[in-house]
Amino acid sequence: MGMSVTISAADVTQDAESILKLQYLCYQREAEIYQDWSIEPLTQSLDALRAELTEGRAFVARLGDEVVASVRGRLDEDGTVRIAKLIVHPRMQRHGIGGRLLDAIERHYAEEPAPAAKRFQLFTGHRSEGNLRLYRSKGYAQVGTREVGPRLTLVTLEKAAA
């Protein structure tokens, strides 16, 4: 009998270490694609992660007690929800978990009483085809690019809040 994946708000105290370990695992592929192992998700400290989780909102997907995916978001003063570090364990990818997490964080900010979210924004690397495909399937459109190095251009995507 298989277990189902559940989505819930992350607990900074209980989940931070698991999220950091998962983040390190998930961003290995991105580092390989761009030949850059100094990217921020691979160098972030546990304290920095905890601060990031405290400043915004995070959700996790669990298979039993194991955190197998996570996403973070923060609402800016201009009404933009900045979604970051949507990660799914490699063995759990392509099962809809990333999409469910994206839906959960969008729903959270759309239902906030005030200030209301006006738009959702996120970014990914230009060669991260799976990420781009997911975001576009969820209604995100490219609004900009920014070259951050010889091998990496960040693609910014956005969609209006419902």
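**View 1. Strand β5 and its partners in the predicted model.** V81 stands opposite F120 in β5, in a model that is predicted. The strands β4 and β5 pair in the parallel sense, and three bridges join them. With β7, by contrast, β5 pairs in the antiparallel sense over seven bridges, and the bridge partner of F123 in β7 is T156. Five of the seven residues of β5 are buried, so this strand is largely enclosed by the rest of the structure. As a general point, the strands of a sheet pair through backbone hydrogen bonds, and they do so either parallel or antiparallel.

View 2. Seven strands make up an open sheet with mixed pairing, and their order is β1-β2-β3-β4-β5-β7-β6. At the edges stand β1 (5–9) and β6 (141–147), and because each has a single partner strand, one side of each is left without a neighbour in the sheet. From one strand to the next, the twist averages 25 degrees. The partner of β6 is β7 (residues 153–160), to which β6 is joined by six bridges, with the two strands running antiparallel; within this pairing, Q142 has L157 in β7 as its bridge partner.

**View 3. Two helices that pack on the sheet.** Helix α1 packs on the sheet, where it touches β1, β2 (57–63), β3 (66–75), β4 (80–88) and β5 (119–125), and the direction of α1 makes about 85 degrees with that of β3. Helix α5 (residues 129–137) also packs on the sheet, touching β4, β5, β6 and β7, and the direction of α5 makes about 160 degrees with that of β5.

View 4. Just after α1, Q35 takes a positive phi of about 55 degrees. The buried residues of α1 include D15, A16, I19, L22, C26, Y27 and A31. In general, an α-helix has 3.6 residues a turn, so residues three or four places apart point the same way.

View 5. When neighbours within four places in sequence are left aside, L20 is in contact with Q44, S45, L46 and L49. R94, on the other hand, is 74 residues from L20 in sequence and 21 Å from L20 in space, taken from C-alpha to C-alpha.

**View 6. The nonpolar cores.** The largest nonpolar core has 27 residues, and those with the most contacts inside this core are I83, I97, L101, F120 and Y140. At least two residues of the core come from each of β2, β3, β4, α4 (97–111), β5, α5 and β7, and α4 gives the most, with six residues. Not counting residues up to four places away in sequence, I83 touches a set of residues that includes V71, L102, I105, F120, L122 and Y140. A second, separate core has 15 residues, among them I19, L22, A31 and V60.

Conventions: Residues numbered from 1 in each chain as written. Predicted model: local features only at pLDDT ≥ 70, side-chain atom pairs only at ≥ 80, totals over all residues. Heavy atoms only, no water. Buried < 20%, exposed > 50% of the residue type's maximum accessible area, 1.4 Å probe, protein only. Helix = DSSP H or I, 4+ residues; strand = E, 2+ residues; numbered from the N terminus. Pairing = 2+ DSSP bridges. Axes fitted to C-alpha atoms, helices over the stretch in contact; angles between N-to-C directions. Contact = heavy atoms within 4.5 Å. Core = buried A, V, L, I, M, F, W, Y, C linked by side-chain atoms within 4.5 Å.
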